[in-house]
Amino acid sequence: MRANVVAFAAGALFAVGLAVSGMTKPSKVAGFLDVAGAWDASLAFVMAGAVAVHFVGLRLVRRRSRPLFDATFHLPTRKDLDPRLVLGAALFGVGWGLGGFCPGPAIVAAGGASTGAIVFVLGMTLGMVLEHAIVRSRAPAHEDVQ
Amino acid sequence: MNDFTPLSALAGGVVIGLAATLFLFTHGKVAGISGLFGALLRRESGDRTTALSFVAGLVVAGLLVRLSFPDAFATSWSAALPTLFVAGLIVGFGTRLGSGCTSGHGVCGISRLSVRSLVATATFMATGFLTVFVVRHVIGGAP
């Protein structure tokens with residue numbers, strides 16, 4: 001129970017970060033991705049801030065032998081580059097550019113009752129189900145999900 | 001047009017980094033949104049209560065942000081609803097195929113200096129730039 005409350009709080013904190021950063025505004029995302037137009041570089045600062053903190057934070061956390069509520073850490077270990085990774089990431093970028101949402105901000109904005117975000121999340125749900133039905137059920141990848 | 005907002009972007013990024021660090025500290029997992037959301041859709045996923053709790057946190061906080069700072073979702077541009085559905089579909093398919101999105105690869109993976117995440121992030125940034133270039137400047141669909 002306590003573990004779930006903390007997971008809820010981590011999700012809520014993550015959402016606040018997304019909302020403060022501007023990631024929940026598709027126009028902001030489109031402005032960031034529009035390098036050939038009136039480029040708005042703001043969102044590069046989101047990644048800079050998040051990586052700067054997490055880069056240090058994860059090294060401090062990894063000094064512990066185990067997380068607070070689990071016996072072991074569950075971090076991805078794969079190092080190989082495969083076609084699925086590149087093709088999947090390439091597709092994701094296309095959808096991100098088209099809709100101005102990536103998964104986190106879309107879910108947060110859907111929670112905020114934004115019609116566009118709700119429609120996006122419905123499409124995203126279908127896309128995940130399709131991927132599972134078409135790709136994973138036939139040739140399961142070595143699980144290493146971020 | 002959007003203003004350049006490096007300070008709020010940086011502050012939001014810091015909060016995101018703290019949230020990812022908290023989740024790793026308590027649950028030992030990557031705060032990858034597409035992975036956590038995807039886990040909710042799969043019967044065989046073991047512990048779904050953690051993913052469900054995290055995603056519920058995103059949704060409830062979204063509602064609270066909407067009620068207290070509606071400006072956080074105000075947008076001067078938005079794709080048409082059918083486009084948003086298709087975009088979501090591509091994002092859902094792509095993030096599962098590529099094992100992550102902006103959070104899992106872009107924030108958590110890069111922080112671990114994972115080569116896979118660096119390649120994935122460079123790839124989705126590139127196709128994101130390219131897509132907006134084609135939509136705005138080749139087809140001219142948006143202002």
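This is a predicted model: local features need pLDDT of at least 70, side-chain atom pairs count only at pLDDT 80 or more; totals for chains, interfaces and linings use all residues.
Local features need pLDDT of at least 70, side-chain atom pairs count only at pLDDT 80 or more, totals for chains, interfaces and linings use all residues, and side-chain values use heavy atoms, with hydrogens and water left out.

**Stop 1: chain A.** Select chain A and colour it by secondary structure. There are six helices and zero strands; helices are DSSP runs of H or I with at least four residues, strands are runs of E with at least two, and both are numbered from the N terminus. The C-alpha atoms fill a box of roughly 50 × 40 × 30 Å along the principal axes. Of the 146 residues in chain A, 56% are buried (under 20% relative accessible area with a 1.4 Å probe, protein chains only; exposed is over 50%, and partly exposed lies in between).

**Stop 2: the interface.** The contact (heavy atoms within 4.5 Å) takes 111 residues from chain A and 111 residues from chain B. The two chains bury about 9,900 Å² between them, 76% of it on carbon and sulfur atoms. Buried area is the accessible area, with a 1.4 Å probe, that two parts lose on being put together, summed over both.

**Stop 3: a salt bridge.** Select Asp82(A) and Arg116(B). Their side chains meet in a salt bridge at 3.0 Å, N to O; the term needs a side-chain nitrogen of Lys or Arg within 4 Å of a carboxyl oxygen of Asp or Glu. Across the interface the rule finds two salt bridges. On the side of chain A that touches chain B, helices H1 (2-21), H2 (26-33), H3 (42-61), H4 (83-99), H5 (103-111) and H6 (115-136) each supply at least two residues. The largest share, 19 residues, comes from H6(A).

**Stop 4: the core.** Select Phe14(A). This residue is among those with the most contacts inside the largest nonpolar core, which has 68 residues. Such a core is a set of buried Ala, Val, Leu, Ile, Met, Phe, Trp, Tyr and Cys residues joined through side-chain atoms within 4.5 Å. H1(A) gives the largest share of this core, seven residues. Not counting residues up to four places away in sequence, Phe14(A) touches residues including Ile16(B), Phe54(B) and Leu58(B).

**Stop 5: Val60(B).** Select Val60(B) in helix H3 (residues 48-68) of chain B. Val60(B) is partly exposed, with a relative accessible area of 37%.

Definitions and conventions. Residues are numbered from 1 along each chain as its sequence is written. Chains are lettered from A and ligands numbered from 1 in the order in which they are written.
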